[in-house]
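Student: I would like to go through this model one feature at a time. Please show me how to read each one.

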Amino acid sequence: MKTKLLLVFILFSTSVFAQVVKDYDPQIQRTTNLQYFKPVEKHLFTGDCMPYYHKGTFYIYWLLDEGHHAGLGGLGGHQWALSTSKDLINWTHYPVAVGIDEDWEKSICTGSVIADKGKFYAFYSTRVKDAKGVHEQLSYAMSEDEGKSYVKQKPNPFYYASQECVSRDFRDPKIFKDREDVYHLFISGYKKEPELDGFGGYLVHLISKDLKDWKEIESLLTGQVATPECSDYFQWNGWYYLLYSTGGDTYYVKSKKPYGPWEYPSTQAFVEQWASVYKTAEYKDNRRIAVAYMPCRSNNRDFDGPIWGGNMLLREVVQGSDGTLYTKFLSESLPQMSLLQMPEVEIPVGSKTVSYSDGKLIIDSPNGTSVASISDLPVNYRITMEIQPLSNYDEIGLFVRATDKRERGYKIELNANKESAFIYNTGINTVKDMRKTIILDLILKDEFIDMNINGKRSVINRLPEKKGQKLFFFLKNGSATIKNINIYQWNDKLW
């Protein structure tokens, strides 16, 4: 995919010339949890993720990256790695499932798989370079060992971009089969001559009866401001969903009919700046799991921009009664933790706006900002709480990993009036119901700060620098009670 990371990637790739990854060792990777996962090898990273569920096994195919997209002259050099689980807790890693075998293959790009008639089929785009430039074309491979390893099929490629589509933007095929046994492919594309300049992004729609002979039909998504990448499509409880990513952010539309007309939802729960190209798969008991990757920061500093490739991120998808989708922490991806004895809540000397008793912190601060604090926390922990606004307020939240009031750490901000939530320098919008009781769940693990609000909206940030052990509660221009504060320490040292 091409994303907002492109500029940083171009600058980075001029000084790094990685080739095809050959030293990934699946036997030494973490097997107890994949949340925030990257390969143990320091120079390797996780790219686009492609989840799939089949007969009790959850598959995550993911792009194995070296050098942040710099492989093979900056064209990626990516290959498909594979991790599987039957319980989303214990994982098995395998050697490269779909790899680069020919000189003309410059990257095995994002795609999707389908199990059909006893075999698995992987559809993907291959990035190539010739005298006319860089192009992307469709390829597919077949597996007879339940998707662990694949053999590429002929012809390779089996389909090229049509005359109306830019050949450099023809990738990320999504394969599925409908109730009439017709196979469909949605492919990311960009029109050479859009109706309005700058709005040429669309999904190429192909159909086939045999996975070999394909016919292009009318697109079901057009007029996008960029190539709609890494599409996903599924039916869930009577609703049909189409996901696609632009600039790394994942959007979705919904409909009661298989191919639209589409309804744009009132909130986009997959849009998280540091969670790129969410794709989903069903799971047991009518659940749905979303997987993305989190880009690294270019020089590993708090305000550096993102670069391609990083760590894996898993969420559970929640469906509202009107078909709106939300996300929450995936319970199986949370490590073992133990509840800490509640530390002392420190109130500023002489404060008339803050009190703490019987496990309840009350902040009544209509005229400005008031704070309370906790000291001597570990660097890594989880904190949950229930916030009950007693009036309208400007901002409420925390400062975490602080040293003192001058080195106040990272600001966690909730704002009901703006319907926004922030972790320091990244945030999400259209966060509803923050004038009611707010259930806040915050995870701090190494450079990741991960937050969920009311079991419906999630946001993560990558912040490697501050490591303070103090926490501040704060409230600006309002009143609220904060109760049921629980702090957990990590037991799983493998994390």
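Student: Among contacts in the protein chain between residues at least 6 apart in sequence, what percentage join residues at least 24 apart?

Tutor: First, a caution: this is a predicted model. For contacts between residues at least 6 apart in sequence, the share that joins residues at least 24 apart is 60%.

Student: How many helices and strands does the protein chain have?

Tutor: The protein chain has 2 helices and 31 strands.

Student: What box do the C-alpha atoms fill, and what percentage of the residues is buried?

Tutor: Along the principal axes, the C-alpha atoms fill a box of roughly 80 × 45 × 45 Å. Of the 495 residues in the protein chain, 60% are buried.

Student: Let us turn to pockets. How much space lies in the largest pocket, and which residues lie nearest its centre?

Tutor: The largest pocket holds about 800 Å³ of space. Its lining has 28 residues, and those nearest the centre are Phe176, Lys177, Tyr233, Phe234 and Gln235. The elements that give two or more residues to this lining are β1 (44-54), β5 (107-116), β9 (165-177), β13 (229-236) and β16 (276-283).

Student: Which element gives the largest share of that lining, and how does the lining divide by class?

Tutor: Strand β5 gives the largest share, with 5 residues. By class, the lining of the largest pocket has 15 nonpolar, 4 polar and 9 charged residues.

Student: What is there to say about the second largest pocket?

Tutor: About 270 Å³ of space lies in the second largest pocket. It is lined by 14 residues, and the closest to its centre are Arg30, Tyr36, Lys38, Asn311 and Asp446. The lining divides into 6 nonpolar, 2 polar and 6 charged residues.

Student: Now single residues. Is Thr84 buried or exposed?

Tutor: Relative accessible area is the value to read here, and buried means under 20%. Thr84 has a relative accessible area of 6%, so it counts as buried. Thr84 belongs to strand β3 (residues 79-85).

Student: Which residues does Thr84 touch, and with which side chain does the side chain of Thr84 make a polar contact?

Tutor: Leaving out residues up to four places away in sequence, Thr84 touches Thr57, Phe58, Tyr59, Asn90, Trp91, Thr92 and Tyr94. The polar contact, at 3.4 Å, is with the side chain of Tyr94.

Student: Where does Thr324 lie, and is Thr324 buried or exposed?

Tutor: Thr324 is in the loop between β18 (306-319) and β19 (325-329). Thr324 is buried, because its relative accessible area is 2% and buried means under 20%. Its side chain makes a polar contact of 2.9 Å with the side chain of Asp322. Beyond residues up to four places away in sequence, Thr324 touches Tyr252, Lys254, Thr267, Val318 and Gln319.

Student: What about Asn367: is this residue buried or exposed?

Tutor: Asn367 is exposed, since its relative accessibility is 77% and exposed means over 50%. Asn367 is in strand β22 (residues 360-374). Sequence separation and distance in space are read separately. Asn367 and Gly478 are 111 residues apart in sequence, and their C-alpha atoms are 7.8 Å apart.

Student: Next, the backbone. Which residues does a cis peptide bond join?

Tutor: The omega angle is the value to look at. A cis peptide bond joins Lys154 and Pro155, with omega about -10°. Another cis peptide bond joins Asn156 and Pro157, with omega about 5°. Pro155 is in the loop between β8 (151-152) and β9, and Pro157 is also found in the loop between β8 and β9.

Student: Which residues other than glycine have a positive phi?

Tutor: Tyr424 has a phi of about 55°, and Thr430 has a phi near 50°. Tyr424 is in the loop between β26 (420-423) and β27 (426-428), while Thr430 is in the loop between β27 and β28 (438-445).

Student: How accessible are Tyr424 and Thr430?

Tutor: Tyr424 is partly exposed, with a relative accessible area of 26%. Thr430 is partly exposed too, at 27% relative accessibility.

Conventions. Residues numbered from 1 in each chain as written. Predicted model: local features only at pLDDT ≥ 70, side-chain atom pairs only at ≥ 80, totals over all residues. Heavy atoms only, no water. 1 Å grid on protein atoms, 1.4 Å probe; cavity = no way out; pocket = protein on both sides within 12 Å on 5 of 7 lines; lining within 4 Å. Points joined across faces, edges and corners; volume = space filled by probe spheres on them. Helix = DSSP H or I, 4+ residues; strand = E, 2+ residues; numbered from the N terminus. Nonpolar A, V, L, I, M, F, W, Y, C, P; charged D, E, K, R; others polar. Buried < 20%, exposed > 50% of the residue type's maximum accessible area, 1.4 Å probe, protein only. Polar contact = N/O pair within 3.5 Å; in protein donor to acceptor, adjacent residues only side chain to side chain. Contact = heavy atoms within 4.5 Å.
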